[in-house]
Structure formats: structure tokens, C-alpha cells
Amino acid sequence: MADLDDLREGSKFNTDIAVQNQAFHIKGASHLGWGMKDRLTRIFNAKTGKSVMLAFDHGFIMGPTSGLERIDLTITPLMEYADCLMCSRGILQTSVPANINKPICLRADAGSTILTELNDNVVIDIEDAVRMNVSAMAVMLAIGDPKMEAKTVANLYHAANQGAKYGIPVMGVTAVGKEMARDARYFGLASRVAAENGANIVKTYYCDGFSNVVAACPVPVVIAGGKKLPELEALDLCYRAINDGAAGVDMGRNVFQSESPIAMIQAVHAVVHEGLDPHKAFELFNDLKK
Ligand code: R5P
């Protein structure tokens, strides 16, 4: 029986103050449900709207590549500086501390490796994503690949359906085939196709004319870092991407293969969230490296 002693009537209804409708800070997400918004907010900082995602899922197709031989030694020390961690379920379950309290973007497709035909993937079971309490699922799209395009678009579509059911956003990851031009026309098409098929975030590559790619994509776009560059060039890449409207980076090799990964991720963070110019960020990198 409820305790009814001293039950106090409410009196502060403030009927003269209209309820404020709050705008949501993430592009294309205003009409999503609360669970989706909560997960997206864990990834994209509510003040800056940006994210530094640390990608270390490379092993799912390439095995123990340079910098990822020992996740516990090379990646775990970086986790505290990242806004989001992107990895496969095997690495999540074995090597990411469960008390890290960081949003996870789970590599949610699996299939072939670099030894055979890339992107011949299937989507993992949504129950895995729910069980591991992830904040997003990443699915590869091979746009322009005559063999894999339709299958990977279907993968994304399927993942988005499942994600919508449980409130888990999907990130469409645009792969670039060897024959594809790495230009705004291609990345613009691939990014838009990802969003049209249900991606809540798109991960693609920076290119000339990138602001058009972002403008035509109705959800946040983050860039992959790509192959290892000298640190100043990698910071310049981040700066230009952010200036052109990127919502952040999902960067791997340019962080974990850096001569000082801890300094590098902090310098990237300063570019993404504070708009630090690349030369100042490089100075910061050198200071932190000491
Ligand atoms: C892409 O499919 C990979 O899974 C990586 O997550 C992605 O390429 C980002 O890493 P990186 O910055 O090394 O290119």
C-alpha cells in the first residue's frame, strides 16, 4: 500500500511558461526515437556536434596489421582520449575493458579478407549488438563494385531495419574499389546512397570538393584517415575535413601507427573539437610527444 501520509499536492505548474521544444544537435536525427538520439549523443559531443572515433577494426580483414599486434598495449592507452571506439566484436569482447564507459561503434559485417574478394560480407546478428550495448553498427558499402554493390547495399538496408527496431544507429562505411575515382562525385554518390538506404552516419574519405559531399548527405559525415601520413599532413587532412563540414573523424592508422599515438589522438581531438589549425595542432603534438 502506498504511503499516503502527508501527500503533498503539486502547485508549481507554471502555466504561464510554455514548454520549450528542444532542437536536436545531430544532422538528420530530429525525427528519430529517444534511444537512437541517446546513442548518437554518446558519439557526437552535444556541445561541438563532433566526434573523434578511434578505428581499430582493421584486423577483421587484415589480421594483426602494424600497430594492432597487441591491442592491450597499443590501443587500450588511447581509449580515454577517443569519443567513440570502433572495433569488431572479437576485439570488443576480448580486449576492450568493459568499464571503459565509451560508446562503441561495432563493425557489424563480416565475411571475406584481403586474401580473397573484399566486401563479400554478411551482417552480424542484431542481438549481438544489443547484448554488447553498442552505440552504433558499422556496415561496409562497396558502391560501384559490380559484384558486391547490391549485396552490400542490402546489408546496410537490413542493418538499418534491425537498428531501427532496437534504437541502434547504423554507420555506412564507403569502401573504395581500385577502379573508382576518389573524387567528390564518387564519394558524394556513395555517401548519399548510404544515407538514402538508412545510414544514420556516413564514413567516407576526404577529397577536393568535400563540402559538396557533406552538403548533399542528410546525415553526419565522418572521414577515415586512410594510409599513414606524416603527422602534420594527417592533422591538415582533419582540419580541412572539419572546415568543409565533416562531423568528425573515424581514424585508425594515422593515430595508432604514429610515432606517438597518445600525442596524435590528442592533437586530432583539438582540431576536431576546438578547430585548432594544423600547425598549432602539430606544435601540440610535438609538445605532448616530449
Ligand atoms: C575501414 O573499413 C576500416 O575498417 C577502418 O575502420 C577505416 O579505414 C578507418 O581507418 P583508417 O583511418 O586507418 O583508414
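Let me start with helix H11, residues 261–274, which lies across strands E1 and E10 and runs at about 150 degrees to E1; contact here is taken as C-beta atoms, placed from the backbone, lying within 7 Å, and the angles, on a scale from 0 to 180 degrees, are between N-to-C directions of axes fitted to C-alpha atoms, for helices over the stretch in contact. Helices (H or I, at least four residues) and strands (E, at least two) are DSSP runs numbered from the N terminus.

This is a predicted model, in which local features need pLDDT of at least 70 and side-chain atom pairs count only at pLDDT 80 or more, while totals for chains, interfaces and linings use all residues. Residues are numbered from 1 along each chain as its sequence is written.

The two strands under discussion, E1 (residues 51–55) and E10, pair in the parallel sense over 4 bridges, where pairing requires that DSSP finds at least two bridges, and Met 53 has Asp 250 as its bridge partner in E10. They belong to a barrel that 8 strands close in the order E1-E2-E3-E6-E7-E8-E9-E10, with parallel pairing. From one strand to the next, the twist averages 25 degrees.

Finally, the protein as a whole has 12 helices and 10 strands, and its C-alpha trace spans about 70 × 50 × 40 Å along the principal axes.

Methods
Contact = placed C-beta atoms within 7 Å.
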